[in-house]
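Student: I would like to go through the salt bridges and some strand pairing in a model. Could you show it to me?

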Amino acid sequence: MKTYQPMLLAALIAAALLSGCRQDDDKQVTIEFMHSSVEQERQAVITHLIERFSKENPHIVVKQVPVEEDAYNTKVITLARSGALPEVIEVSHDYAKVMDKEQLIDREAIKQVVSSVGEASFYDGILRVVRTEDASAYTGVPIGAWLGGVWYRKSALQKAGVSEPKNWTELLDAARTMTRAADKKYGIALPTAESVMTEQTFSQFALSNGANVFDEAGNVTVNSAAMLESLNYYQQLARYTMPGSNDVMEIKDAFMNGTAPMAVYSTYILPAFYKDGTPQDLGFMVPTEKSPAVYGMITSLTITSGQSKDETEAAQKFVGFLEQAHNSADWVLMSPGAALPVTKAVAQTESYRDNPVIKAFGTLPAELIAQFPNVQVFGSVGEKNFTRMGDITGSAILSEMVNQVTVGKQATAPALDNSQARINELMKQH
């Protein structure tokens with residue numbers, strides 16, 4: 001919506017006589033920024049960033065639209081249907097695919113911001129994850145990321161006489177060695193529930209073995225030999241985790257309370273470990289068989305389609321502002337250690353380097369950032385990011401399959417064939 005600042009009648013007449021039109025910097029533009037930072041302390045950081053932006057751009061009013069994470073995707077759909085999408089939306093790379101498929105993002109506006117920031121400014125591997133399916137544009141401008149992998153307590157492994165694992169075989173051996181089920185001690189906390197976390201975790205192992213949901217031509221390849229090997233391995237590894245369907249809370253609790261000395265989790269384990277007072281005891285391993293595969297979730301700021309020229313330009317200015325190093329540093333430091341910077345300049349800022357959490361983990365944050373080139377996600381093949389992957393994740397077909405072969409102890413080959421058939425049927429509907 002556009003409003004105009006009141007002007008004296010004489011000034012209005014003078015402006016009309018001189019130029020016949022209003023100067024651009026007299027216009028006031030209001031844009032909305034939807035994000036998932038509902039916590040008060042995080043909203044305070046974003047409020048401060050907006051105030052800083054407003055000082056530089058007094059004609060642009062930015063209104064926050066904080067939305068709970070659980071209601072986020074539904075809210076986007078509701079607003080899109082009513083024609084009231086906020087101009088700027090914080091979005092995960094996987095949901096950005098869904099928005100792109102529904103033509104809810106302004107590809108050209110995003111591309112211009114990425115160009116102004118500079119493609120070379122981003123760490124290798126980041127922009128690849130947010131490319132559109134045709135590889136011609138981006139679904140958003142990355143501002144932060146979190147990574148998933150295998151975390152372990154170095155002291156627990158040393159006590160058990162187990163070397164820090166480097167590949168599939170060593171990880172399985174370590175989990176087996178440290179499991180004492182009779183004492184309710186398990187080698188690894190592994191996701192097995194019908195959840196997004198389970199799909200994300202399984203994807204790391206599958207992709208490290210060269211297995212993906214699609215091939216380059218877009219054919220569904222779920223029941224491939226490489227995927228069968230990966231599912232067999234995951235089923236074996238799950239023998240050494242807690243019984244039942246394990247999800248986010250069960251994994252975190254087991255790792256933090258010592259029930260399991262290893263766990264598959266995201267970098268969001270770092271803040272909890274920091275509070276625990278033993279940050280130097282935390283080790284990280286990337287699932288590796290044929291190649292390393294890190295699960296990465298890229299958080300982007302996307303610019304929505306269907307806005308006026310003034311609103312789109314204001315949105316571009318705002319996103320470009322947030323991408324400046326000291327502003328992006330404030331953004332990722334809302335969750336220090338958990339959220340990682342995606343541009344090289346942020347990691348060099350004084351505020352990031354001197355943050356007590358970042359300093360406490362020593363070289364670990366830099367080691368995690370160095371894994372960006374190894375980020376692999378289901379549905380991303382070469383330079384292509386198949387938008388249909390969003391539908392597959394939303395259907396929970398893959399997490400149900402993993403749950404069936406781990407908790408349900410079903411045979412792996414039939415489970416894969418069933419998932420292949422279900423996904424092929426799903427593709428016909430979309």
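Student: Which residue forms a salt bridge with Lys101?

Tutor: Lys101 forms one with Asp391, and the closest N and O atoms are 2.6 Å apart. Here a salt bridge is a side-chain nitrogen of Lys or Arg within 4 Å of a carboxyl oxygen of Asp or Glu. This is a predicted model, in which local features need pLDDT of at least 70 and side-chain atom pairs count only at pLDDT 80 or more, while totals for chains, interfaces and linings use all residues. Residues are numbered from 1 along each chain as its sequence is written, and side-chain values use heavy atoms, with hydrogens and water left out.

Student: Where do Lys101 and Asp391 lie?

Tutor: Lys101 is in helix α4 (residues 93-101) and Asp391 in helix α19 (residues 389-395), so the pair ties together parts that are 290 residues apart in sequence. Helices (H or I, at least four residues) and strands (E, at least two) are DSSP runs, numbered from the N terminus.

Student: Is Asp391 buried or exposed?

Tutor: Asp391 is buried, with a relative accessible area of 18%. Lys101, by contrast, counts as partly exposed at 31%. Buried means under 20% relative accessible area, exposed over 50%, and partly exposed in between (1.4 Å probe, protein chains only).

Student: How many salt bridges does a search of the whole structure find?

Tutor: The search finds twelve. One of them joins the side chains of Lys27 and Asp310, at 3.4 Å from N to O. Lys27 is in strand β2 and Asp310 in helix α13 (residues 309-322), which places these distant parts of the chain 283 residues apart. Asp310 counts as buried, at 17% relative accessibility.

Student: What about Arg422: which residue is its salt-bridge partner?

Tutor: The partner is Glu400, with the closest N and O atoms 2.8 Å apart. Arg422 belongs to helix α21 (residues 412-429) and Glu400 to helix α20 (residues 397-406), so the pair connects parts 22 residues apart in sequence. Salt bridges that share partners also join Asp100, Arg107 and Asp134 into one network.

Student: Changing topic, how many bridges join β2 to β3?

Tutor: Seven bridges join β2 (residues 27-35) to β3 (residues 60-66), and the two strands run parallel. Two strands pair if DSSP finds at least two bridges between them. Between β2 and β3 the chain passes through helix α2 (residues 40-56), in a right-handed β-α-β crossover. Right-handed means that, with the strands pointing away from the viewer, the path from the first strand over the helix to the second runs clockwise.

Student: Which residue in β4 stands opposite Phe33?

Tutor: That residue is Val88. β2 and β4 (residues 88-92) pair in the parallel sense over two bridges.
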